[in-house]
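User: Hi, I have a structure to go through before class. Can you walk me through it?

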Amino acid sequence: MENPIKLKRVHHVEFWVGNARQAAYFYRKGFGFSQVAYSGLETGQRKRTSYAMSQGKANLLLTTPLTPDDEAAEHIRRHGDGVRDIAFEVDDADQAFAEAVRRGAKPVAEPHDEVDEHGAIRRAAVHTYGDTIHSLISCKGYDGPFMPGFMAAPIAADDCGILRIDHIVGNVEEGKMQYWADYYANVFGFHRYITFDDKDISTEYSALMSIVMSDDSHSVQFPINEPAPGRKRSQIDEYLEAYGGAGAQHVALRCNDALSTVSKLQRNGINFLRVPDSYYEALPMRIGEIEEPVEQLRRLGILVDRDEEGYLLQIFSNPVEDRPTVFFEIIQRKGCRGFGKGNFKALFESIELEQARRGNL
Ligand code: FE2
């Protein structure tokens, strides 16, 4: 297995947001992430406030700038709320950084120690698409509540059954998908797992292409989308315009009981894309035998897809900001390792309905 930077897992996903306190409440009450740790004025941090949130093995970090000259303030001005950092835990941040840069990654931060009374982590960072970065963190022996500079600030949430991050999708500019696929292959040693093209993914109005990059253990998966020239504006075009360039499109959260997780999220007020009822009339013919009652799937709006290995259940939230940018997917895998190719058409038609309502189609 090729893993040249000895990547272990996604340590956390950091969002730069306009109001981290309110975002923390939203992810706690809406998505069931418990608050774990805090860093800000009370911990001696004068420039930024951050809340570390966790559910299962999925960790989100919500950060807001305290001053207008902070880099995060400019990021929010350009992009709105969005994903800044998909942080990887690696064996050795020095080795990972040196190897990533040698393989062509553009450096953001040289390896350095971050220290507090609980110990130290070693941290570096490299660029990926848009203004997004990958921190490379090695945290041998660090035993604080999250990372150095954070204090424990636990507020338990009503858990929604989210277990881990399944995949994180990037939207890149037209003609750049291959470039970024090569980047993940060359820098991180990922292989090309699945390729979709506009024959798989197209509707009356739009098309897109996607390459799914993954490490060999499938522990980290990074589909990359680019818009394909369509007759009107695709959802990828809408994202690129609203976000002001390339960036993370959606974070997929894995659960093992989608009926229960999605019921809870909907009770919490999280809104999801709906497909027409005709989707469920055609479902038994398309998918065959499944354990979940179709009527319950229809009521919740959960989609189903199948490949040779099994099936998956999935559903997509509406964007979680006012700009039509980042959204979440909830996914349950029952053997299937795909990404719901069979749902793309129904899904995109539903997205376009929303896009038309926003006057962006
Ligand atoms: Fe996805």
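Analyst: Let's start with a term. Donors are N, O and S atoms within 2.8 Å of the metal (3.2 Å for Na, K and Ca); water is not among the atoms, so sites may look incomplete. Along the chain, the donors of the iron ion follow the spacing H-x82-H-x78-E.

User: Which residues are the protein donors of the iron ion?

Analyst: They are H167 (NE2), H250 (NE2) and E329 (OE). They lie 2.0 to 2.2 Å from the iron ion. H167 sits in strand β10 (residues 162–171) and E329 in strand β17 (residues 327–334), so this pair links distant parts of the chain, 162 residues apart. Helices (H or I, at least four residues) and strands (E, at least two) are DSSP runs, numbered from the N terminus.

User: Before I go on, what kind of model is this?

Analyst: This is a predicted model: local features need pLDDT of at least 70, side-chain atom pairs count only at pLDDT 80 or more, and totals for chains, interfaces and linings use all residues. Residues are numbered from 1 along each chain as its sequence is written, and side-chain values use heavy atoms, with hydrogens and water left out.

User: OK. Are H167 and E329 buried or exposed?

Analyst: Both H167 and E329 are buried. Buried means under 20% relative accessible area, exposed over 50%, and partly exposed in between (1.4 Å probe, protein chains only).

User: What about cavities? How many turn up in the whole structure?

Analyst: The search finds three cavities of 30 Å³ or more. The grid has a 1 Å step and covers the protein atoms alone. A cavity is a set of points where a 1.4 Å probe fits but cannot get out. A pocket is an open set with protein on both sides within 12 Å along at least five of seven lines. Lining residues have an atom within 4 Å of a point. Grid points are joined across faces, edges and corners, and a volume is the space filled by probe spheres set on the points.

User: What volume does the largest cavity have, and which residues lie nearest its centre?

Analyst: Its volume is about 220 Å³. The largest cavity has 20 lining residues, with V169, N225, Q249, H250 and F344 nearest its centre. H250 is also one of the iron donors. The largest share of that lining, four residues, comes from α9. By class, the lining of the largest cavity has 13 nonpolar, six polar and one charged. Ala, Val, Leu, Ile, Met, Phe, Trp, Tyr, Cys and Pro count as nonpolar, Asp, Glu, Lys and Arg as charged, and the others, Gly among them, as polar.

User: And the second largest cavity, which residues are nearest its centre?

Analyst: They are Q235, P319, F327, I351 and R358, out of 15 lining residues. The volume of the second largest cavity is about 160 Å³. Both α5 (235–243) and α9 supply at least two residues of its lining. The largest share, three residues, is from α5.

User: α9 keeps coming up. What length should it span?

Analyst: Helix α9 (residues 344–357) has 14 residues, so at 1.5 Å a residue it should span 20 Å. The rule is 1.5 Å times one less than the number of residues. Its end C-alpha atoms are 20 Å apart, which agrees. The buried residues of α9 include F344, I351 and Q355. Just after α9, G359 takes a positive phi of about 75°.

User: Switching topic. How do β3 and β4 pair?

Analyst: They run antiparallel, with eight bridges between β3 and strand β4 (residues 58–65). Two strands pair if DSSP finds at least two bridges between them.

User: Last one. What is the volume of the largest pocket?

Analyst: It is about 550 Å³. The largest pocket is lined by 28 residues, and E14, R48, E114, R123 and M147 lie nearest its centre. β6 gives the most to this lining, with four residues. The classes are ten nonpolar, nine polar and nine charged.
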